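This briefing goes through one protein model by topic. Please view the sequence and the structure first, then read the notes below them.

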Amino acid sequence: MNLPDCVVPLIDAVWKECRAAEVRYESSGETKKYGIPPKELWIMQATDADWKRAKCKEPYSGFWQFSGSEVEEAAPFEITWRDEKPNGMYWRIGLIQFVLDVQNQRSVYHYTLGPRYGRGYKVTFDDFEQFRMRPDRDRMLWVS
């Protein structure tokens with residue numbers, strides 16, 4: 001299954017956020033305090049969402065991984081690493097989840113980088129071909 005093009009801007013933005021935080025912590029000597037941001041992102045496409053809470057729901061139909069160069073399709077995976085102790089405020093792997101409802105012209109997407117580091121978005125769109133997922137504050141429904 002191909003990753004929908006509309007997800008790529010979100011992956012890029014989350015990756016840049018992680019790398020910028022890593023540089024900031026290293027240059028200020030705060031890596032020990034905050035931890036190391038994820039160096040890998042796992043992406044999951046859900047088939048449905050809790051549209052009021054902007055949360056994706058199982059089952060998932062697509063799985064991908066990204067570690068800085070190309071998004072690669074992945075075998076279905078479970079999120080077992082959340083049981084691990086976080087590295088400061090981060091998990092070792094960041095998670096992006098999304099659902100597209102093209103018929104009703106809406107989408108929910110969220111990303112989580114640590115136990116208390118996530119953002120959730122709910123949007124509507126007029127033209128799916130022009131729609132792009134971005135972490136815009138205007139679209140944000142929740143923060144953790």
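The model is a predicted one. It holds zero disulfides, and the count of salt bridges comes to five.

**Cysteines**

- There are zero disulfides in the structure, and Cys 6 accordingly is in no disulfide.
- For Cys 6, the nearest cysteine sulfur is that of Cys 56, 12 Å away.
- Cys 6 has a relative accessible area of 2% and is therefore buried, since buried means under 20%.

**Salt bridges**

- How many salt bridges are there? The count is five.
- One of them joins the side chains of Lys 57 and Asp 48, with an N to O distance of 3.8 Å. Lys 57 counts as partly exposed at 38% relative accessibility, and Asp 48 is partly exposed with a relative accessible area of 33%.
- Another salt bridge is formed by the side chains of Asp 50 and Arg 53, at 3.7 Å from N to O. Asp 50 counts as partly exposed at 22% relative accessibility, whereas Arg 53 is exposed with a relative accessible area of 53%.
- Asp 101 and Arg 106 meet through their side chains in a salt bridge of 2.9 Å, N to O. Asp 101 counts as buried, because its relative accessibility is 15%, while Arg 106, at 26%, counts as partly exposed.
- Salt bridges also link Arg 19, Glu 22 and Lys 39 in a network.

- Glu 129 has its place in the loop between strand E6 (117-124) and strand E7 (140-143).
- With a relative accessible area of 58%, Glu 129 is exposed, because exposed means over 50%.

**Phe 63 in strand E2**

- Strand E2 (residues 55-66) contains Phe 63.
- Is Phe 63 buried or exposed? Phe 63 counts as buried, because its relative accessibility is 10%.
- Phe 63 and Asn 2 are 61 residues apart along the chain, and their C-alpha atoms are separated by 9.5 Å.

**Ala 13 in helix H1**

- Helix H1 (residues 8-28) is where Ala 13 is found.
- Ala 13 counts as partly exposed, because its relative accessibility is 24%.
- Along the chain, Ala 13 and Ile 36 are 23 residues apart, and a distance of 17 Å separates their C-alpha atoms.

Conventions:
Residues are numbered from 1 along each chain as its sequence is written. This is a predicted model: local features need pLDDT of at least 70, side-chain atom pairs count only at pLDDT 80 or more; totals for chains, interfaces and linings use all residues. Side-chain values use heavy atoms; hydrogens and water are left out. A disulfide is a pair of cysteine sulfur atoms within 2.5 Å. Buried means under 20% relative accessible area, exposed over 50%, partly exposed in between (1.4 Å probe, protein chains only). Helices (H or I, at least four residues) and strands (E, at least two) are DSSP runs, numbered from the N terminus. A salt bridge is a side-chain nitrogen of Lys or Arg within 4 Å of a carboxyl oxygen of Asp or Glu.
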